[in-house]
Amino acid sequence: MKHDRILLAHGSGGLMSQRLIDEIFKKAFNNDIMEPMLDGAILDLPAGKLAMSTDSFVITPLFFPGGDIGKLSICGTVNDLLACGAQPLYLSTAFIIEEGLPISDLRSIVASMAETARQVGVKLVTGDTKVVEKGSADGVFINTTGIGIIPAGIDYLPQRINSGDKVIVTGNIGDHGLAILAQREGLSFSTPVLSDCAPLYQLKDMIDKYQDAIRCMRDPTRGGLATVLNEIAVQAGVGIRVKEADIPVSVAVQGACDMLGMDPLYMANEGKMVIFVAAEAAEDFLNDLHKMSQTENAALIGRVSPEPAGMVLVETELGAERILGVLEGEHIPRIC
Amino acid sequence: MQTKYGSYQIRINGIVQGVGFRPFVYRLASEYDLKGWVLNSSAGVLIRVEGPDEQINTFARRLVEEPPPLALIRSWDINAQDWSGFTDFKIKASDDHEQKVAMISPDIAVCAECRSEVLNREDRRYHYPFINCTNCGPRFTIIKDLPYDRSMTTMASFPMCPECQREYENPNHRRFHAQPNACPVCGPHISLLNRQGQEINQDVRELFKAGYIVAVKGLGGFHLAVNARDAKAVARLRKSKQRDAKPFAVMVKDVETAHKYCLISPPEERWLLAPQAPIVVLKCREGNQLNSDIIHPGLNTLGVMLPYTPLHYLLFDQDLEILIMTSANISDEPLIIDNQEAIGKLGQIADYFLVHNRDIYNPCDDSVLRVTSLDTPLFFRRARGFVPRGIKIDDGTKPILAVGGEMKNTFCLTRNGEAFLSQHWGDLNHFNNYMNFQRGIERFKRMLYVEPEIIAHDLHPNYQTSRWAKMQPGVKLIEVQHHFAHLASVMAEHNLQGEVLGLICDGTGWGTDGAVWGGEILRADYTGFTRLAQHKYVPFPGGDQNAKKPYRMALIYLYAAFGEEVFDLAEQFLPQLATEEKNIMLTCLMNNAHVLRTSSCGRLFDAAGAILGICSINQYEGQAAAELEAWADPFEKGHYGFDLYAEQGIWQMDVLPMWPEMLAEIKRNYLPGRIAQKFHLTLVKMWTKTLCKLRDETGLNRVVLSGGVFCNQILSNGLYKSLTEEGFKVYLHQQVPPGDGGISLGQAIIASEVYRGCV
Ligand SMILES: [Fe+3]
Ligand SMILES: [Mg+2]
Ligand SMILES: [Zn+2]
Ligand SMILES: [Zn+2]
């Protein structure tokens with residue numbers, strides 16, 4: 001390509017657009033469904049219920065320790081589909097690119113998307129690109145929409161959660177939120193923290209094996225573990241009690257959060273799943289999670305009880321029970 | 001002249017139940033040979049009298065002028081009735097049908113007469129730990145519902161023996177209608193249990209003397225008790241309670257013993273001996289042989305109370321005169337009130353359990369107060385002995401529920417010109433405290449027979465109280481800024497009308513501009529406020545971490561005062577600050593990104609405490625400030641520099657000029673006590689100067705002081721003096737705490753004014 005930065009003309013619909021699509025997107029996402037370049041993708045779907053999820057990715061910085069916006073845009077939607085119990089199959093993607101974005105950046109973002117999609121076995125089948133004037137966007141915004149098929153018999157609704165069920169989280173929490181914050185504010189910790197950004201495709205096997213024992217799954221992204229648990233507690237009309245000591249947080253993240261006065265329970269994750277499992281299956285389930293690379297730090301963190309309905313409590317190491325509420329806005333100091 | 005006869009009904013409201021009011025009426029009626037009856041209704045005391053008008057007049061006057069010691073008459077009226085022709089004077093059975101406007105009495109310390117009985121070998125209640133009479137004993141903590149009758153209390157399961165019944169029915173007896181009346185034959189009894197819950201036969205005093213920790217069930221909850229003279233035992237209690245620095249209170253055998261350990265002024269002694277029997281915070285005598293490092297580390301004051309239940313008298317003897325008595329709970333959880341729960345939860349801490357089988361219905365912690373230089377009480381905690389006594393206010397007509405703050409929470413319910421503050425519930429972010437808070441609201445509503453449709457809450461969106469308020473169906477909500485509520489709470493106590501200036505200094509309150517407030521001067525009346533001055537903001541990276549780690553606040557102020565030089569200074573003055581934490585904080589400070597700002601005065605104390613090396617970690621709320629006060633040398637009269645300038649229409653009270661002076665003195669090895677005192681005096685000076693300026697601008701001459709910072713005596717006494725000398729009229733708290741335990745009163749009065757006249 002002649003230019004090394006995105007120009008407004010790349011979005012004109014003319015020849016330059018065509019070249020951008022051919023040389024960057026088509027090359028990277030290359031597959032038989034996208035290939036004919038029709039007005040839309042035409043898909044053969046296996047039997048089952050269709051799950052569909054969409055997410056737009058707006059993140060500063062575009063590249064961060066442990067990932068980039070491209071990888072994130074695949075993980076986000078794929079993990080949401082997995083949380084529904086679906087087998088992710090196809091993705092669409094739309095780019096809003098700010099004039100002046102280095103083409104090399106776009107290239108690596110797209111490459112990272114393609115690579116992540118390949119790992120999962122999901123196809124990017126249709127897409128769109130727009131270029132906006134400098135200042136109208138922040139580098140690049142990416143939307144992905146995904147569809148997947150939910151095998152018969154799976155219906156992971158919060159209403160399936162019963163008193164006695166166990167709460168499992170598939171690994172250390174808070175990594176993504178902290179990595180982004182550190183990068184953005186130029187904070188360097190003695191132990192660097194990487195984003196956990198990952199597509200949890202290994203969970204597909206778990207869904208096959210534990211179809212029924214799994215009650216419900218949720219992707220603890222924005223708002224973190226605390227927010228997700230609260231959503232579920234309200235939707236399922238149950239109380240959730242977690243043990244502070246059992247929640248997996250890496251030493252680096254805990255240390256960094258202490259220094260910043262932040263709580264890892266409220267920090268975003270991009271490669272974790274919160275899973276509610278029937279009590280009798282919990283132990284086996286956890287053992288199986290430990291055998292897989294993506295979930296080797298999984299931990300059983302709590303249990304479901306009828307009361308207090310709609311609330312999440314944290315049992316501290318001193319034997320007290322704190323209320324883990326939903327934050328309105330940022331963490332506002334409350335200690336007087 | 002012919003005698004004129006009349007028939008009247010007298011209605012008396014206030015605390016008139018369970019305080020010996022009806023026998024008093026009976027005796028008075030007999031004295032004047034009047035006929036009729038007296039009735040304890042849930043609408044207060046109702047009296048019908050017939051007789052010569054002249055006698056009835058005197059009778060009525062003495063009724064309201066000479067009520068029994070525990071009674072509190074709020075209002076009364078008298079109306080003429082048709083002649084009924086009564087032939088005697090009766091005390092009629094309680095009626096529970098009328099609207100419930102009666103009030104419950106707080107719990108009252110054992111009275112002198114009961115005390116002499118319990119210590120008298122000849123008395124049938126010798127050493128009986130549940131002795132009480134109409135003038136003393138448990139009330140609020142055992143009452144389940146109104147009207148106040150034995151059947152409505154946790155004494156319901158103890159039917160009186162014939163002898164107790166006779167006392168109970170005899171209008172001339174001190175125990176006439178004393179609902180908790182009991183004796184060894186019919187009443188509750190104590191048992192001493194080991195950790196397994198098995199009853200053992202031993203004198204509890206011998207256990208104390210052997211250094212054991214005993215959980216003692218009291219009036220409103222359990223205490224953990226240990227011989228205060230036994231340093232090893234106290235240290236063991238401190239360690240096992242994981243309460244590393246928070247001062248323990250003590251109970252002493254008698255007031256003479258209190259004088260042995262503390263310096264006590266006459267008003268302080270009056271409070272020690274008062275029927276409410278609060279913990280009084282007293283100055284320690286030098287060399288008082290108590291191991292202060294483990295009882296009240298870093299402080300020169302000690303919380304002291306006298307025995308207030310008959311059971312407490314049995315804990316002392318010739319050789320046992322002072323016990324640590326600390327509320328039995330684990331890490332900010334609620335006070336324990338149940339026997340089984342005590343054994344389950346305190347089993348790792350207490351060696352023995354002194355329990356009894358009278359249930360505690362309403363948990364209620366000891367009240368804590370200090371006496372100011374004006375001889376007025378200043379509450380740290382208003383609970384046992386005071387709750388649920390109402391505070392007189394000038395309110396609108398509608399009942400209001402104000403849900404208070406987040407830590408040291410109390411709520412407040414208003415009804416007909418009175419505000420009823422609850423006991424303290426602790427930190428509501430603890431689930432069990434939050435449950436008690438909700439249960440408490442239900443009980444107060446039932447007790448007062450009100451269903452408020454207006455709820456006032458704090459502006460802070462993440463306080464549990466704000467969340468709870470927003471979940472209540474069908475009510476009107478009103479959001480009240482934290483410091484405005486503090487301000488209004490003092491105004492309400494003194495029934496101030498019109499506009500005042502309010503200096504409100506505390507740790508944290510959410511401001512209207514998205515900053516953390518805590519050092520503000522507001523101009524306000526009950527309906528609104530403007531902020532005229534503030535402590536100049538400093539950036540506040542780390543939020544609540546900073547409240548726990550004063551060294552972080554020190555770094556923030558050093559950076560504000562010295563900029564880049566901070567790297568060297570931090571090494572010199574804040575050795576406890578780890579390099580990585582320092583670098584991270586400084587990066588946040590320099591980038592100034594996503595950082596809150598604060599004017600908190602509490603955090604300013606933290607900074608000074610850490611720089612002086614007095615306190616770098618707060619193990620309890622306000623520790624740095626309390627220790628700074630303890631260190632301060634009263635003979636030092638100097639102060640440091642400060643700046644005062646307007647910025648966007650708000651006066652900025654800026655202490656940055658103080659730091660270079662203070663650091664220079666530390667380097668010159670000035671005594672920390674003198675520096676601590678100068679720090680206090682700087683604030684007094686700065687506030688006085690600012691208030692003088694604001695008076696010039698506004699013409700307002702009345703100043704109210706509130707916020708937890710005014711628990712500090714150097715500040716509140718000093719400021720009172722300096723403002724009074726400047727001609728200000730100054731108002732301090734006397735009935736509710738200046739800290740967050742008092743803000744529910746302010747919220748309530750604001751809501752009631754805002755909604756005055758609506759509906
Ligand atoms: Fe406050
Ligand atoms: Mg999503
Ligand atoms: Zn008595
Ligand atoms: Zn008896």
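Trainee: Which residues does B:Cys161 touch, not counting residues up to four places away in sequence?
Mentor: Contact means heavy atoms within 4.5 Å. On that basis B:Cys161 touches B:Arg124, B:Cys183, B:Val185 and B:Cys186. Keep in mind that this is a predicted model, where local features need pLDDT of at least 70, side-chain atom pairs count only at pLDDT 80 or more, and totals for chains, interfaces and linings use all residues. Residues are numbered from 1 along each chain as its sequence is written, chains are lettered from A and ligands numbered from 1 in the order in which they are written, and side-chain values use heavy atoms, with hydrogens and water left out.

Trainee: Where does B:Cys161 lie?
Mentor: Helices (H or I, at least four residues) and strands (E, at least two) are DSSP runs, numbered from the N terminus. B:Cys161 sits in the loop between helix H3 (112-118) and H4 of chain B.

Trainee: Is B:Cys161 buried or exposed?
Mentor: Buried means under 20% relative accessible area, exposed over 50%, partly exposed in between (1.4 Å probe, protein chains only). B:Cys161 has 9% relative accessibility, so it counts as buried.

Trainee: Now the interface. How much area do chain A and chain B bury between them?
Mentor: Buried area is the accessible area (1.4 Å probe) that two parts lose on being put together, summed over both. Here the figure is about 3300 Å², 58% of it on carbon and sulfur atoms. A:Arg334, A:Ile335 and A:Cys336 supply 25% of the area that chain A buries against chain B, more than any other three residues.

Trainee: How many residues does each chain give to the contact?
Mentor: Chain A gives 31 residues and chain B gives 46 residues.

Trainee: How many salt bridges does the rule find across the interface of chain A and chain B?
Mentor: A salt bridge is a side-chain nitrogen of Lys or Arg within 4 Å of a carboxyl oxygen of Asp or Glu. The rule finds two across this interface. One of them pairs B:Glu406 with A:Arg334, the closest N and O atoms being 2.9 Å apart.

Trainee: Which elements give two or more residues to the side of chain A that touches chain B?
Mentor: They are helix H7 (251-260) and strand E13 (321-323) of chain A.
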